[in-house]
Amino acid sequence: MSDARLRRCRKEIAACQKDQVSGITVDMVDNLPTHLRGTFIGPENSPYEGGKYEVDIVIPDTYPFSAPKMRFITKLYHPNVSSVTSLLRIDILKSNWSPVLTLKSTLISLQSLLTDPQPDDPQDAQVAGHYKRDRASFDETARQWAVQYAGAPGGPGEASAVGSAATEKSKAERAGLSQKDVDKFVGLGFDEPTVIRALSDLNYRGNNVNNISDNAVSLKI
């Protein structure tokens, strides 16, 4: 990396560290200005509200003429983020990248993506399908992941938008799972809430089911 690009990286890192308003932070990994960790808080009025989201950032030699490489470290349930690999899809990191963009503005765009998903251009087709098919169910699953993985407020005692009289089938569906898949493992003697949590963690959905053995599920449970 040239001296000019290195100076720009250090300048952008310093600007984020001085910023006390946006809530965006950027820190070096192993004291390297080309490997960074960004963080932001999940936006209000979204299923991700209050969670802390960490992003791995790698600065290429061609920066700022090429976009930084970013992926989420924190797992989240979102149409434009893979629920398996945490890779993300956003146009400013691809065709719409511009050298005038900065690390801070890019992280703000990621934060905004959480309130404005693009399900017609998904990174995770299964999650996008869930979003388009049943928004309320999607929001509930996204919130569960925010609580579990991002430390968002809530938990087992949090009031559910669905009444306690909801059927077991609706619980599986709200998690984006097939009731048939859940019943398969319940039939082996596992309790349903534990099965639902395990299958959700493994992203036991759609074509990904073929990549996960029954033994792997049993070990997760």
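**Close-up 1. Salt bridge between Asp121 and Arg89.** In this predicted model, the side chains of Asp121 and Arg89 meet in a salt bridge, 3.8 Å from N to O. A salt bridge here is a side-chain nitrogen of Lys or Arg within 4 Å of a carboxyl oxygen of Asp or Glu. The pair links distant parts of the chain, 32 residues apart. Asp121 sits in the loop between H2 and helix H3 (125-133), and Arg89 in the loop between strand S4 (69-72) and H2. Helices (H or I, at least four residues) and strands (E, at least two) are DSSP runs, numbered from the N terminus. Asp121 is partly exposed at 43% relative accessibility. Arg89, at 30%, also counts as partly exposed. Buried means under 20% relative accessible area, exposed over 50%, and partly exposed in between (1.4 Å probe, protein chains only). Residues are numbered from 1 along each chain as its sequence is written, and side-chain values use heavy atoms, without hydrogens and water. Because the model is predicted, local features need pLDDT of at least 70 and side-chain atom pairs count only at pLDDT 80 or more, while totals for chains, interfaces and linings use all residues.

**Close-up 2. Salt bridge between Lys104 and Asp19.** The N to O distance in this salt bridge is 2.9 Å. Lys104 belongs to helix H2 (residues 103-113). Asp19 lies in the loop between helix H1 (3-18) and strand S1 (25-29). The two are 85 residues apart, so the pair links distant parts of the chain. Asp19 is buried, at 16% relative accessibility. Lys104 is partly exposed, with a relative accessible area of 31%.

**Close-up 3. Salt bridge between Asp139 and Arg135.** The closest N and O atoms are 3.0 Å apart. Both residues lie in helix H4 (residues 135-150). They are four residues apart, about one turn of the helix. Asp139 is partly exposed at 24%, as is Arg135 at 41%. The salt-bridge count comes to eight.

**Close-up 4. Crossing of helices H6 and H7.** The axes of H6 (residues 179-186) and H7 (residues 192-201) come within 9 Å and cross at roughly 120°. Axes are lines fitted to C-alpha atoms, for helices over the stretch in contact; angles run from 0 to 180 degrees between N-to-C directions. The helices are therefore oblique to each other. Angles under 35 degrees count as roughly parallel, over 145 as roughly antiparallel, 65 to 115 as roughly perpendicular and the rest as oblique. Contact (heavy atoms within 4.5 Å) involves residues including Val182 and Phe185 of H6 and Val195 and Leu199 of H7.
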